[in-house]
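Have the structure open and follow along.

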Amino acid sequence: MTVKEHIEHSRTRITKLVFPQDTNPIGTLYGGTAMKWMDEVAFLTATRFARRLVVTVSMDRVDFKVPIPKGSIVELIGEVTRAGNTSVTVTVRMLREDPLSGDQELAIQGELVMVAVDDSMRPIKIVPE
Ligand SMILES: CC(C)(COP(=O)(O)OP(=O)(O)OC[C@H]1O[C@@H](n2cnc3c(N)ncnc32)[C@H](O)[C@@H]1OP(=O)(O)O)[C@@H](O)C(=O)NCCC(=O)NCCS
């Protein structure tokens, strides 16, 4: 498989509903919850790409573009946008979706760097197979 095909096969989507316990005092998705979900989809994406145990080494930049009200559907999409030696960068986009109209809008975007490690937590080369 080519690297491009690996990237396509590792692209990961998670769909969630924003419950009241996921929100801040003004009733929109809490940033810490959003980042937990982003880490989860980045972990899955990098694992599928590397087929190794991976850990998060950096959450580089997260832009919160529009608030996400409770009751929204959110779709998280993780995609490898840089493949290094032992690390990959996963770009995560979070779309908010109106459950009644289905309209989707980019709400949050961020980049996470995930490192493949061996059993001793040492970085190990990623060789997509
Ligand atoms: C991940 C970890 C093993 C990397 O160890 P390290 O000594 O920094 O490793 P290296 O310097 O050899 O770097 C390994 C790779 O990570 C990248 N990297 C390291 N620190 C980075 C940072 N702050 N931002 C972006 N990339 C980073 C390096 O560029 C390198 O990538 P490459 O091999 O593709 O070129 C170590 O930092 C660690 O254990 N961190 C804690 C991880 C953790 O607990 N995460 C939360 C739970 S999942």
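In strand S5, glutamate 111 is the bridge partner of arginine 61. Before going further, a word on the basis: this is a predicted model, in which local features need pLDDT of at least 70, side-chain atom pairs count only at pLDDT 80 or more, and totals for chains, interfaces and linings use all residues. Residues are numbered from 1 along each chain as its sequence is written.

The protein chain has 2 helices and 5 strands, where helices (H or I, at least four residues) and strands (E, at least two) are DSSP runs numbered from the N terminus. Along the sequence the pattern reads α-β-α-β-β-β-β. With a radius of gyration of 16 Å, close to the 14 Å from the globule rule for 129 residues, the protein chain is as compact as a globular protein of that length. That radius is taken over C-alpha atoms, and the rule is 2.2 Å times the number of residues to the power 0.38.

The strands form an open sheet of 5 in the order S1-S3-S4-S5-S2, with antiparallel pairing; two strands pair if DSSP finds at least two bridges between them. Strands S1 and S2 stand at the edges with a single partner strand each, so one side of each is left without a neighbour in the sheet. For S2, the antiparallel pairing with S5 runs over 10 bridges.

| Strand | Residues |
|---|---|
| S1 | 12-17 |
| S2 | 53-64 |
| S3 | 73-83 |
| S4 | 87-97 |
| S5 | 104-117 |

Helix H2 (residues 31-50) lies across S1, S2, S3, S4 and S5, at about 130° to S4. Angles run from 0 to 180 degrees between N-to-C directions of axes fitted to C-alpha atoms, for helices over the stretch in contact; contact means C-beta atoms, placed from the backbone, within 7 Å.

Key: Two residues are in contact if their C-beta atoms, placed from the backbone, lie within 7 Å.
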